[in-house]
Amino acid sequence: MGKICFIFNTPSLYRKLIYTRMDEEFDCDWYFGDWDANVKGFDTQCLKHPVQYLHVNNPGKAWYSVEGITCLLSDKRYERYLMIGDVHDLSTWRMLILKNLLYRKKRIFFWTHGWYGKETKIERIIKRMFYRMVDGVFLYGNHAKKVMMQNGFNGDNLFVIHNSLDYNAQLEIRHQIKPTNLYHNHFKNSNRNFVFLGRLTTVKRLDILLEAIALLKSKGALYNVTFVGDGVERENLEQKASDLRIQEQVWFYGACFDETKNAEFVYNADICVSPGNVGLTAMHMLMFGTPVITHDRFELQMPEFESVVPYKTGLFFKYGDVNDLCAKIQEWFQVNGNLREHVRSKCYEEIDNSWTPEYQLKILHAVLD
């Protein structure tokens with residue numbers, strides 16, 4: 001069996017571990033695009049197999065292309081191709097058309113978000129044509145698989161591979177972490193503690209969280225919230241906390257790039273509230289034992305929302321509804337308020353079973369071998 005050709009847009013830092021493990025277990029070559037300066041990458045010299053960078057034309061535009069991809073199809077070394085599968089990449093369209101016309105014995109797979117469920121009619125038509133030209137699609141979540149099956153795709157060719165972070169390094173920290181008085185020392189009270197770790201941006205709708213804190217305060221329920229991160233919304237959020245007169249309950253810690261310190265913030269919190277798209281934040285929280293509350297419009301979520309299992313690793317509230325968010329916060333503590341260690345174990349279990357490089361490798365081997 002020939003080599004596998006891996007073609008991805010950028011060597012994202014958060015995917016270093018899974019790419020390194022793939023490099024160890026597959027006979028492969030690597031191809032990355034030479035763009036996306038906004039994404040922090042890793043040094044690909046750590047990969048043992050050959051790595052090449054391909055030039056991207058019109059990066060960041062609605063439609064772009066990658067030089068040299070189509071030529072890889074005629075390379076006799078490769079029988080299987082695993083690609084990012086971006087519908088906006090014109091060079092991928094050309095490659096798929098050529099594959100189905102001239103290289104039908106070769107197999108192309110995508111590793112992609114697939115469908116969200118919010119696509120317009122024209123987007124559905126385009127995606128239907130695009131994904132029907134490949135031999136299989138690796139998807140980040142079951143929601144995408146469900147939506148694609150509803151749109152006529154064969155579920156046998158859709159493989160849920162989930163996502164992963166630097167699991168080994170985080171697991172080592174988890175094994176060493178212990179409870180601390182981090183929040184009590186700062187707030188000087190015994191309130192329950194919420195935490196949010198990530199960029200402070202408008203899409204995260206953290207203003208809703210502050211409104212919920214104020215509304216709960218008016219009802220006599222006091223909670224602290226800590227923001228570990230920085231971003232364009234920080235100044236607005238600080239002003240909002242002041243306007244709502246809850247500034248003593250809010251801690252803007254700022255950006256932190258020390259994973260051990262971040263783990264301390266997460267581990268010692270009672271819950272994470274992420275009113276907007278939760279994304280990788282959910283995995284980070286569950287990895288260190290903290291459940292997540294986020295919104296219920298799954299077509300607007302990132303796939304990692306699936307790690308939130310109601311009443312076990314978190315809850316969902318009605319999208320944009322502050323009153324329902326308050327209700328879900330109170331409901332969570334009514335049900336699980338005295339079960340912190342049980343909840344922590346459920347969070348660990350969810351990550352360890354389904355959101356690790358080993359889980360992803362099992363899926364990759366099952367299909368690509």
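Which residues do ring pairs link into a cluster? They are Phe 6, Phe 8, Tyr 19, Phe 26, Trp 30, Phe 32, Phe 42, Tyr 53 and Trp 111. The model is predicted.

Seven strands make up an open sheet, in the order S3-S2-S1-S6-S7-S8-S9. The pairing is parallel. S3 and S9 stand at the edges. Each has a single partner strand, so one side of each is left without a neighbour in the sheet. From one strand to the next, the twist averages 20°. Helix H1 packs on this sheet and touches S1, S2, S6 and S7. The direction of H1 makes about 150° with that of S2.

Now take strand S6, residues 78-83. This strand is mostly covered, with 5 of its 6 residues buried. On one side, 5 bridges join S6 to strand S1, residues 3-8, and the two run parallel. Phe 6, one of the cluster residues, has Leu 82 in S6 as its bridge partner. S6 also pairs with strand S7, residues 107-112, in the parallel sense over 4 bridges. Tyr 81 has Ile 108 in S7 as its bridge partner. Met 83 stands opposite Phe 110 in S7. To get from S6 to S7, the chain passes through helix H3, residues 90-102. This β-α-β crossover is right-handed.

Back to the rings. A pair of aromatic rings is described by the distance of the centres and the angle of the planes. The structure holds 34 aromatic pairs. One of them joins Tyr 19 and Phe 42. Their centres are 6.3 Å apart, with 55° between the planes, and the pair is tilted. What does this pair tie together? Tyr 19 lies in helix H1 (residues 16-25), while Phe 42 lies in the loop between strand S2 (28-33) and strand S3 (51-54), so the pair ties together parts that are 23 residues apart in sequence. Are the two residues buried or exposed? Tyr 19 has a relative accessible area of 1% and is buried. Phe 42, at 8% relative accessibility, also counts as buried.

A second pair brings in Tyr 131 and Phe 153. The ring centres are 6.5 Å apart and the planes stand at 75°, so this pair is edge-to-face. Tyr 131 counts as buried at 5% relative accessibility. Phe 153 is buried too, with a relative accessible area of 11%.

Arg 132 lies over the face of its ring, at 5.5 Å from the ring centre. Elsewhere, the charged end of Arg 344 sits over the ring of Tyr 267. The distance to that ring's centre is 3.9 Å.

Return to helix H1 for Thr 20. Which residues does Thr 20 contact, leaving aside neighbours within four places in sequence? They are Cys 46 and Leu 47. Pro 357 is 337 residues away from Thr 20 along the chain, yet their C-alpha atoms are separated by 9.7 Å.

Cys 272 stands opposite Val 292 in S14.

Key
Residues are numbered from 1 along each chain as its sequence is written. This is a predicted model: local features need pLDDT of at least 70, side-chain atom pairs count only at pLDDT 80 or more; totals for chains, interfaces and linings use all residues. Side-chain values use heavy atoms; hydrogens and water are left out. Rings of Phe, Tyr and Trp (its six-membered ring) pair if their centres lie within 6.5 Å; planes under 30 degrees apart count as stacked, over 60 as edge-to-face and the rest as tilted. Buried means under 20% relative accessible area, exposed over 50%, partly exposed in between (1.4 Å probe, protein chains only). A charge sits over a ring if NZ of Lys or CZ of Arg is within 6 Å of the ring centre and within 35 degrees of the ring normal. Contact means heavy atoms within 4.5 Å. Two strands pair if DSSP finds at least two bridges between them. A crossover is right-handed if, with the strands pointing away from the viewer, the path from the first strand over the helix to the second runs clockwise. Axes are lines fitted to C-alpha atoms, for helices over the stretch in contact, and angles run from 0 to 180 degrees between N-to-C directions.
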